[in-house]
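Here is a short report on one chain.

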Amino acid sequence: MSELIGSIFSEAGFKLSPEDVEKFGVYLVELKKWNRVHNLTSLKRDEDIIRKHFLDSLSLVNCFREVNVDWKGKSIADVGSGAGFPGVPLKIYLKDVNLFLIESVSKKCSFLEYLKVRLELDWTVLCQRAEEVDTKFDIVVSRAMGEFEEVYRILERLARDYVFVMKGKELKSEWIQELKYNACKAEIKGLPPSYILWKKLN
Ligand SMILES: C[S@@+](CC[C@H](N)C(=O)[O-])C[C@H]1O[C@@H](n2cnc3c(N)ncnc32)[C@H](O)[C@@H]1O
């Protein structure tokens with residue numbers, strides 16, 4: 001298992017420490033265990049979970065680098081985090097970020113609270129609808145929370161500096177021209193190319 005995790009990440013250019021590999025291993029085991037009772041992910045195979053959830057979440061790191069985002073010590077909110085994507089892989093890899101996971105479904109919040117203890121990491125779970133959160137965060141990230149046209153305002157209201165939305169393969173010109181978003185093209189070995197929309201607010 002550790003070998004598979006290490007090799008998938010290193011092939012894609014992410015060097016993980018043995019501790020990080022172990023944390024991703026525990027995450028995988030717990031996700032599959034909880035998935036037997038709660039529907040947290042439709043993916044069943046280890047390799048699919050590692051690539052499509054863990055590695056895909058880290059495509060944000062490449063976009064942060066491309067945009068020159070200084071994430072160290074910053075607050076990052078993952079909105080509609082579900083089983084922790086992309087926030088938890090970001091926390092494992094970046095470490096020095098103050099992570100908030102916003103998720104409205106209580107069984108998913110319970111998983112995120114449990115996972116924090118199992119991984120011996122620190123983050124805050126805000127178990128409520130994002131529309132009801134009245135704090136601002138330096139960086140707001142989100143994956144698969146809903147239609148872009150419906151979520152971008154919710155995300156921008158929560159962000160002090162940046163919004164990053166993982167959009168997959170879809171990119172509409174109006175998001176760039178009318179809503180003034182920019183796009184990173186994530187090309188990570190082992191994953192189909194995908195877009196991350198981003199906007200600097202200040
Ligand atoms: C399709 S899942 C994606 C989960 C995760 N981001 C991922 O990429 O695997 C969408 C998640 O967003 C949550 N969600 C949707 N709208 C929300 C809102 N307004 N506030 C908080 N959570 C929301 C849902 O409960 C669900 O867990």
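A residue is buried if 20 or more other C-beta atoms lie within 10 Å of its own, exposed if 12 or fewer, and partly exposed in between, with C-beta atoms placed from the backbone. The model is predicted: local features need pLDDT of at least 70, side-chain atom pairs count only at pLDDT 80 or more, and totals for chains, interfaces and linings use all residues. Residue numbers start from 1 along each chain as its sequence is written.

**Whole chain**

Helices (H or I, at least four residues) and strands (E, at least two) are DSSP runs, numbered from the N terminus. The chain has 7 helices and 7 strands. Their order from the N terminus is α-α-α-β-α-β-α-β-β-α-β-α-β-β. The chain is as compact as a globular protein of 202 residues, because its radius of gyration is close to the value from the globule rule. That radius is taken over C-alpha atoms, and the rule is 2.2 Å times the number of residues to the power 0.38.

| Quantity | Value |
|---|---|
| Radius of gyration of the chain | 16 Å |
| Box of the C-alpha atoms, along the principal axes | roughly 45 × 35 × 30 Å |

Buried residues make up 38% of the 202 residues.

**Helix α3**

Helix α3 covers residues 46–67. Buried residues in α3 include Ile49, Ile50, His53, Phe54 and Leu55. After α3 comes Asn68, with a positive phi near 70 degrees.

Definitions and conventions: Expected span 1.5 Å × (residues − 1).
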